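Hello,

Here is the structure I promised to pass on to you. Have a look at it first, and then read my notes below.

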Amino acid sequence: MKEQRAETGFRSFMDIALEEARAAGARGEVPVGAVIVLAGHVVARSGNRTRELHDPTAHAEMLVIRAACASLGSERLGGHDLYVTLEPCPMCAAAISAARLARLYYGAADPKSGGVAVGARVFAHPQCHHVPEIYDGIAAPEAEALLKTFFALRRD
């Protein structure tokens, strides 16, 4: 994985993804948030809604990809950046590839269900048609704390 971009003028939008993650947690959803950005402008933002929508595919990444594609009127999001608080699962990684997102920024690693750096490693598979630039560990401590707190409260 590459480190955070050191380009002049780079702005992270992970703060918005973290807001969406906190909102998801407040709704009783696993606190994961995502935002899609184009040229410094937020195109779509969401948090997990699997329980609310009774939809196992309603991960934050899937929801923002759907919303951004609908807004653009296209199934492709070339040039767009995705910020997500947790390493995407294999389903979401495949959708990221299919949408042709340019860059993926994610916070916390997901050793149990990740699909980027662990597990299925979707982007490393020879059948993967598009691989975004990947930047991991963006605001990872905050994202990890949200998840740990959420699950600790459910274990008590």
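**What I found**

Ala39 counts as exposed, since its relative accessibility is 69%; exposed means over 50% relative accessible area, buried under 20% and partly exposed in between, with a 1.4 Å probe and protein chains only. Please keep in mind that this is a predicted model, where local features need pLDDT of at least 70, side-chain atom pairs count only at pLDDT 80 or more, and totals for chains, interfaces and linings use all residues. Residues are numbered from 1 along each chain as its sequence is written, and side-chain values use heavy atoms, with hydrogens and water left out.

Back to Ala39: this residue sits in the loop between strand 1 (33-38) and strand 2 (41-47). (Helices, H or I with at least four residues, and strands, E with at least two, are DSSP runs numbered from the N terminus.) Its phi is near 50°, a positive value in a residue other than glycine. His54 also has a positive phi, of about 55°, and is not a glycine either. You will find His54 in the loop between helix 2 (50-53) and helix 3 (60-72), and it is exposed at 72% relative accessible area.

Next comes helix 4 (residues 90-99), whose buried residues are Cys92, Ala93, Ala95, Ile96, Ser97 and Ala99. Their cover includes helix 3, strand 3 (81-86) and strand 4 (103-108). Just after helix 4, Arg100 has a positive phi of about 60°.

Which residues of the largest nonpolar core touch the most other members? They are Ile65 and Leu104, in a core of 42 residues; such a core is a set of buried Ala, Val, Leu, Ile, Met, Phe, Trp, Tyr and Cys residues joined through side-chain atoms within 4.5 Å. Helix 3 gives the largest share of this core, six residues. Leaving aside residues up to four places away in sequence, Ile65 touches Ile36, Leu77, Ala95, Ile96, Ala99 and Leu101, where contact means heavy atoms within 4.5 Å.

Finally, the lining of the largest pocket takes its largest share, five residues, from helix 5 (residues 140-155). The lining divides into 11 nonpolar, four polar and seven charged residues. Here Ala, Val, Leu, Ile, Met, Phe, Trp, Tyr, Cys and Pro count as nonpolar, Asp, Glu, Lys and Arg as charged, and the others, Gly among them, as polar. A pocket is an open set of points on a 1 Å grid over the protein atoms alone, where a 1.4 Å probe fits, with protein on both sides within 12 Å along at least five of seven lines; lining residues have an atom within 4 Å of a point.

Best wishes
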